[in-house]
Amino acid sequence: MSQHPAQDRLKDKVALITGAASGIGKQIATLFARQGGKVAILDLDLEAAEATARELNEQGGTALGVGANVTDEAQVEAAFRKTIDTFGRLDVMIANAGSQHVEPIHKLSYDNWKKVTDIQLDGSFLATRAAFRQMMTQGDGGCLIYMGSVHSHEASAMKSPYVTAKHGLLGLCRTMAKEGAEYGIRANTICPGYVKTPLVEKQIPDQAREHGMSEEEVVEKVFLAETVDKEFTTVEDVAETALYLATFPSNALTGQSIVVSHGWFMQ
Ligand code: NAD
């Protein structure tokens, strides 16, 4: 696209990214489009998905905005159908949509537990199944990427549904690596540290309240305390990791989780 050197690492490849109208997903969509990929931006917020697609198309990319709630089976099926009808195939699926809820277990409602776990686990199942079926039919492999978190490996207090869901995604990913092998379908998980997106911006006041700290203290003592350099991970760092996984040439890299967190968690 115009402001960056043209590169074609994803030429002729089609990627569908869930939750791609904001934050990490949007940056992945931008980088993939810049690399010549055709990108479907699936989001609950149709208007924002269409606006993101328009932005990428105006910059010379090929993008489609699709509205769907990842927890709704019919909507997910329709979104994949629309993507495949438009672009002809599917090579990469990134299950990225997610939400957060910060509250100790004794105050946590079942509703708030389910909101977080449904989007991440049920949503990832529905997107995985739709992508897997298409990739099987195409017969030339594919790439599944899950947006985990350092919280796929570490727990933090007051985030029980999020930590549970992010750990669960590792199980789905590893199972898909095994089931996908015979079809050349690879599955990997990206595990970012804290990235400044709307999801994290919203948490700062919540965490400050729950921990009884100022917002500055939350950033320093909670978010970045364990990093090696007190730096936030960026959307660009995560998008580069997704591009690396999407373009990896063989099944050698499958069933893995890659932690991108300024050393917060070391495997
Ligand atoms: P974000 O809030 O900026 O973007 C999330 C997007 O998902 C939004 O556009 C939202 O509309 C969409 N979405 C929410 N529920 C949906 C649903 N039911 N169906 C379809 N779309 C839905 O958040 P982000 O920080 O970019 O997070 C993206 C992913 O990265 C999440 O899975 C999150 O857990 C993960 N992650 C984020 C961080 C971080 O620090 N920001 C760290 C590790 C992992």
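Hi everyone, let me start with the second largest pocket, which has a volume of about 200 Å³. It is lined by 13 residues, and those closest to its centre are Ala155, Ser156, Val222, Glu226 and Trp264. Please keep in mind that this is a predicted model.

What is that lining made of? It divides into six nonpolar, three polar and four charged residues. Helix 6 and helix 7, the latter covering 215–223, each supply at least two of the lining residues. Domain 1 (14–193 + 234–260) and domain 2 (196–232) both contribute to this lining, so the second largest pocket lies between them.

Now to the largest pocket, with about 940 Å³ of space. Here 45 residues form the lining, and Ala97, Gly98, Ser99, Gln100 and Leu199 are the closest to the centre. Two or more lining residues come from each of helix 1 (23–34), strand 2 (38–43), helix 4, helix 5 (160–180) and helix 6 (198–211). Which element gives the most? That is helix 6, with eight residues. By type, the lining of the largest pocket splits into 19 nonpolar, 17 polar and nine charged residues. This pocket, too, lies between domain 1 and domain 2, because both give residues to its lining.

Last, a word on one residue, Gln120, in helix 4 (residues 110–138). Is it buried or exposed? Its relative accessibility is 1%, so Gln120 counts as buried. A polar atom of its side chain lies 3.2 Å from the backbone oxygen of Ser99. Leaving aside residues up to four places away in sequence, Gln120 touches Gly98, Ser99, Tyr162, Ala165, Lys166 and Leu169.

Technical notes: Residues numbered from 1 in each chain as written. Predicted model: local features only at pLDDT ≥ 70, side-chain atom pairs only at ≥ 80, totals over all residues. Heavy atoms only, no water. Helix = DSSP H or I, 4+ residues; strand = E, 2+ residues; numbered from the N terminus. Buried < 20%, exposed > 50% of the residue type's maximum accessible area, 1.4 Å probe, protein only. Polar contact = N/O pair within 3.5 Å; in protein donor to acceptor, adjacent residues only side chain to side chain. Contact = heavy atoms within 4.5 Å. 1 Å grid on protein atoms, 1.4 Å probe; cavity = no way out; pocket = protein on both sides within 12 Å on 5 of 7 lines; lining within 4 Å. Points joined across faces, edges and corners; volume = space filled by probe spheres on them. Nonpolar A, V, L, I, M, F, W, Y, C, P; charged D, E, K, R; others polar. Domains from an automatic or database assignment.
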